[in-house]
Amino acid sequence: MDCEVIKDLIPLYKEGICSNESKKLVEDHIETCPSCKSYFLSLDDNEINNNEPLEFISKSIDKNKKNRSRMIGSLVLSLLLIVFSFLTNPRQVEYDKDLIKKSTTDDKIIYEFRDDVTRIYTDHANGEYGDTLYIDGSYSYLDKILGGEKQVLTLDKKDYNVIFYNNNRDQAAKVLYDPYSYTINSGSLSLPRLIFASYAKIALCLCALVLILSLTIFRKWNRYKKIRLVSLPLSYVLATFLIKGYDLASFHPVRDLGFILITALAIYLFIFSSSMYFEEKEKYRI
């Protein structure tokens, strides 16, 4: 127990108006703390300022109000961040024959996407076919609410040997452009990266590790500090499943990681501020 809290309780102890639990806290503490014991002995029972108990109560109330405001503010901010992440998270559109309307000129290829595609992502690679372009169409709920623009992609023929559309259900990536017939006898499957499954496993291992540490090395910590420690990796795990669901594969890991980290921050912010509020409330409970 902090010395400042004990010093706030001593006048109440002297007045005999604190609970038995608080009285025991004072008695146990002054046995091991010379500073607080000196303060305890320096107070004459008949010379205690009658306003001190009231000042202590007022101080406790003020701290609880501030912590409650922080908790409510962090809850609102957390919900806003989670809603923002949910509304703006790109959701991939699978390929079908009506998805893209293609037209060409002498040196250009023009891909006009269906209205439900509100964003286009491209990834250039220099692989077995030479200059290769991978395309993904996606949408977000915010784009649908606000009304997304018609998506049209114009490319120079000379820049690419092969163009694929990535998300072709469970099949090989759809070949959109292959003038040299590089892929005529082979399917090309652009496999999604599975790094988020690995990250989630690492975070779960960290959860287990900090849980063990909280029961051993940090066993003297109060439960609120332990909650803040364990919830750090746990927030990432929860955010991963909120953003990705059970399918942790990703064609665009950098983009998805950004949304996961924003959501994890929101979850941890709420847990952290809530634990601080209840910890302070318990600390100043008479």
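The model is predicted. The helix pairs are α2 with α3 and α6 with α7, and the backbone spot is S181.

**α2 and α3**
- Helix α2 covers residues 20-32 and helix α3 covers residues 34-42; they pack at about 115°, with axes 6 Å apart.
- The crossing of α2 past α3 is left-handed.
- On the α2 side, the contact residues are H29, I30 and T32, and they meet P34, C36, K37 and F40 of α3.
- Sorted by class, that contact comes to four nonpolar residues, two polar and one charged.

**α6 and α7**
- The axes of α6 and α7 (residues 223-244) come within 8 Å and cross at roughly 170°.
- Angles over 145 degrees count as roughly antiparallel, so α6 and α7 are roughly antiparallel to each other.
- From α6, the contact takes in F196, Y199, A200, A203, L204, L206, C207, V210, L211 and S214; from α7 come K226, L229, V230, P233, L234, Y236 and V237.
- The class tally for α6 against α7 is 15 nonpolar, one polar and one charged.

- S181 sits in the loop that runs between β8 (174-177) and α6 (195-215).
- Most residues other than glycine have a negative phi.
- S181 isn't a glycine, yet its phi is positive, at about 55°.
- S181 is also partly exposed, with a relative accessible area of 40%.

Methods:
Residues are numbered from 1 along each chain as its sequence is written. This is a predicted model: local features need pLDDT of at least 70, side-chain atom pairs count only at pLDDT 80 or more; totals for chains, interfaces and linings use all residues. Side-chain values use heavy atoms; hydrogens and water are left out. Axes are lines fitted to C-alpha atoms, for helices over the stretch in contact, and angles run from 0 to 180 degrees between N-to-C directions. Helices (H or I, at least four residues) and strands (E, at least two) are DSSP runs, numbered from the N terminus. A crossing is left-handed if the near helix is turned anticlockwise from the far one by less than a right angle, and right-handed if clockwise. Contact means heavy atoms within 4.5 Å. Ala, Val, Leu, Ile, Met, Phe, Trp, Tyr, Cys and Pro count as nonpolar, Asp, Glu, Lys and Arg as charged, and the others, Gly among them, as polar. Buried means under 20% relative accessible area, exposed over 50%, partly exposed in between (1.4 Å probe, protein chains only). Angles under 35 degrees count as roughly parallel, over 145 as roughly antiparallel, 65 to 115 as roughly perpendicular and the rest as oblique.
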